[in-house]
Amino acid sequence: MSGKRGRKKRSTYAIPAPKGRRKGKEDYISIDIKDANHKLATSIEKSIQGLLSIPPECCIYRVPPRLRSLNEKAYTPQVVSIGPFHNGKKELEGMEEHKLRYLQAFLDRTNLSLKECINEMKKWEIKACNHYAEKIDLTDGKFFKMILIDSCFIIEAMLTSLSVGGERSIAYLPEEIFLFQTDLILLENQIPFFFLDGLFQLAFPSDQEEMLFLKLSIDYFSNFMLIKDDDKLFNKVKAYLKMTSFEVKHFVDLLRICFLPTNLRARPLPDKVKLITIRNALDLKETGMSLKGGSGNTLLDIIYTKGVLEIPRLVVEESSEIVLTNIVVLENCLYTYDSYIRDYVFFMHMLMDTPKDAELLIQNEIIENWLGDSKAVVTLFNKVGCEVLINDCSYYFFDISEKINAYSSVTRHAWKATFKRDYCSTPMIIASTIVAVLLVVLTLMQTVTSFIQVI
């Protein structure tokens, strides 16, 4: 046995020489695998280090192309660009001059100078930038200039629209006013709420609730709210924010909060929750279930009690699809395990398979239809339902769906409903049924009496 220590073997690959060349030892290239692996690891690490971390404030997203292709108009501003995603689009350039007019009106109203606004708001530039789910260049100052002008424009437009002093800087047609409001509730067309609120407090420093930007925003977007009492809605939102320690992220997030139930119900444990489908409205009626409009203050206050399903009234109008779709996309991106609105859309989508289902909900004052016909309502929920990504382990209407299915699976409930429909639906039918029963009883008694006499 040799006393020499063996040299540590190195792992190598031998690559043969190209064709046409004489093969020899010098025609093979030896590659050290460890060196190659080290270079590969270094390259991947550099790529990882080059990635931008997702800031916790991130909450303004672009709509995924798949969803945008289903309804481009529901996510695209028609009148005005707000924020960086649609800035510079040719079809929206007409409003850029009007923004400057509103900026001047805002400064005149507040007696602030432009330099004061810049000096105070500049400190929030990076935080505002972190709210967007895309890389934004801050070196040229364009981003800050844009959000400052957009913010002054929004606040002045809201104050003018609500007739809070001052005069209009531009005369809008009614349709343009509606489109402008609608553009402000598009997920891709947002300014961080904290930035707007900070600018508002700079302009109107006050502790009075009437002068809070949150109150102004709720008043301005009241057309899109289910609750028509703005003061009641304001108190509800304040209570929710205090209870959860959350902050309003932007206008779409504010709408979502307004639609949440007043008292958030505890969800079942994840291992006990699963996605449960239910029958459509007509089928539920056939099983003996009663569907009627509920008295809840929010869309999610759906109640089921002993065969009666109460659903708060939903006003379906031109803006409903835009409101629901943008909130649903926000929940898909930000509230994956807290998706109240998309769960509601899925629940209502299951209730309405056909226009006849929608007609039943309209007759029972569950839906107030401003779209014309019942088919339009079904189409709306079909389109919005396509965008819903349901999380099986956190479906909000799990308990109610389970109770609905338990009731509708009992055969005697359907028999009872059939009897009521066929024999007790009107006073005349009830009277006819009673007469028929009496005739059968009398005939039976006469038959029994005759049989006894024969015996």
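Q: Which residue forms a salt bridge with Lys383, and how far apart are the closest N and O atoms?

A: Start with the general idea: side chains of opposite charge can pair when their charged atoms come close. A salt bridge is counted when a side-chain nitrogen of Lys or Arg lies within 4 Å of a carboxyl oxygen of Asp or Glu. Here Lys383 pairs with Glu321, and the closest N and O atoms are 3.3 Å apart. Lys383 lies in helix α16 (residues 374–385) and Glu321 in helix α13 (residues 320–334), so this pair ties together parts that are 62 residues apart in sequence. Helices (H or I, at least four residues) and strands (E, at least two) are DSSP runs, numbered from the N terminus. Please keep in mind that this is a predicted model: local features need pLDDT of at least 70, side-chain atom pairs count only at pLDDT 80 or more, and totals for chains, interfaces and linings use all residues. Residues are numbered from 1 along each chain as its sequence is written, while side-chain values use heavy atoms, with hydrogens and water left out.

Q: Is Lys383 buried, partly exposed or exposed?

A: The words have cut-offs: buried means under 20% relative accessible area, exposed means over 50%, and partly exposed is in between (1.4 Å probe, protein chains only). Lys383 has a relative accessible area of 33%, so Lys383 is partly exposed.

Q: How many salt bridges does the count come to?

A: By this rule there are 14 salt bridges. One of them joins Arg68 and Glu188, with the closest N and O atoms 2.4 Å apart. Arg68 sits in helix α2 (residues 65–68) and Glu188 in the loop between α7 (174–183) and α8 (193–203), so the pair ties together parts 120 residues apart in sequence. Both Arg68 and Glu188 are buried. They also belong to a salt-bridge network with Glu72.

Q: Where do Glu96 and Lys99 lie?

A: Both are in helix α3 (residues 94–110), three residues apart, which is about one turn of the helix. Glu96 is partly exposed at 29% relative accessibility, whereas Lys99 is buried at 1%.

Q: How many disulfides does the structure hold?

A: A disulfide is a covalent bond between the sulfur atoms of two cysteines. For counting, the two sulfur atoms must be within 2.5 Å. This structure holds zero disulfides. Take Cys117: the closest cysteine sulfur, in Cys152, is 5.2 Å away, too far for a bond. Cys117 is buried, with 0% relative accessible area, and Cys258 is buried at 3%.

Q: Which residues have the most contacts inside the largest nonpolar core?

A: In soluble globular proteins, nonpolar side chains tend to be buried together. A nonpolar core is a set of buried Ala, Val, Leu, Ile, Met, Phe, Trp, Tyr and Cys residues joined through side-chain atoms within 4.5 Å. The largest one has 124 residues, and those with the most contacts inside it are Leu309, Phe347 and Met348. Helix α6 (residues 142–161) gives the largest share of this core, 13 residues. A contact means heavy atoms within 4.5 Å. Leaving aside residues up to four places away in sequence, Phe347 touches several residues, including Ile278, Ile302, Leu309, Tyr395 and Phe397.

Q: What does the whole chain look like in its secondary structure?

A: The chain comes to 19 helices and seven strands. Of its 455 residues, 44% count as buried. Among contacts with a separation of 6 or more, 72% involve residues 24 or more positions apart.
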